[in-house]
Amino acid sequence: MSAYYYSGCADNYEAHYLDSCSVCGKSLHNSDIFMYRGNTPFCSKECRQEQMEVDEAREKKLRSGRSLRKSDSKTSTPNKTVRTGVVTVS
């Protein structure tokens, strides 16, 4: 049985972010809730750890992607036209 927000009628159920685990979807009704990053609920330490590892990998990938782009821009030559020659003014 899932949790209800009391609105005067059990038929008028509104979903709530604390109803189920963010990783496996298991109901959190009458059980311990493990939180991560403010408002992300999990049914166990294992599910929370799994999400933490996914977030860490995503952040690491973003950081490495940014550093590659920065290094690429330093090594590549910009598309500028350079004119050489002699100018004579009389």
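A: A salt bridge is a side-chain nitrogen of Lys or Arg within 4 Å of a carboxyl oxygen of Asp or Glu. In this predicted model, the side chains of arginine 58 and aspartate 55 meet that definition, at 3.2 Å from N to O. Both residues lie in helix 1, three residues apart, about one turn of the helix.

Q: Why is the pair of arginine 37 and aspartate 55 called a salt bridge?

A: The N to O distance is 3.9 Å, and the cut-off is 4 Å; the pair therefore qualifies. Arginine 37 sits in the loop between strand 1 (34-36) and strand 2, whereas aspartate 55 belongs to helix 1, 18 residues apart.

Q: What makes arginine 37 and glutamate 59 a salt bridge?

A: Their side chains meet at 2.6 Å, N to O, and the limit is 4 Å. This pair also links distant parts of the chain, with arginine 37 in the loop between strand 1 and strand 2 and glutamate 59 in helix 1, 22 residues apart. A search of the whole structure finds three salt bridges, and Arg37, Asp55, Arg58 and Glu59 are linked in a network of them.

Q: Why is aspartate 55 called buried and arginine 37 exposed?

A: Buried means under 20% relative accessible area and exposed over 50%. Aspartate 55 has 7% and is therefore buried; arginine 37 has 52% and is therefore exposed. Glutamate 59, at 30%, is partly exposed, and so is arginine 58, at 48%.

Q: What makes cysteine 21 and cysteine 47 buried?

A: The threshold is under 20% relative accessible area. Cysteine 21 has 4% and cysteine 47 has 11%, so both count as buried. Both belong to the largest nonpolar core, whose six residues are Cys21, Leu28, Tyr36, Phe42, Cys43 and Cys47. Leaving aside neighbours within four places in sequence, phenylalanine 42 is in contact with residues including Cys21, Leu28, Tyr36 and Cys47.

Q: How confident is the prediction, in terms of mean pLDDT?

A: The mean pLDDT of the chain is 79, and 63% of its residues reach 70 or more.

Methods: Residues numbered from 1 in each chain as written. Predicted model: local features only at pLDDT ≥ 70, side-chain atom pairs only at ≥ 80, totals over all residues. Heavy atoms only, no water. pLDDT = per-residue confidence, 0-100. Core = buried A, V, L, I, M, F, W, Y, C linked by side-chain atoms within 4.5 Å. Buried < 20%, exposed > 50% of the residue type's maximum accessible area, 1.4 Å probe, protein only. Contact = heavy atoms within 4.5 Å. Helix = DSSP H or I, 4+ residues; strand = E, 2+ residues; numbered from the N terminus.
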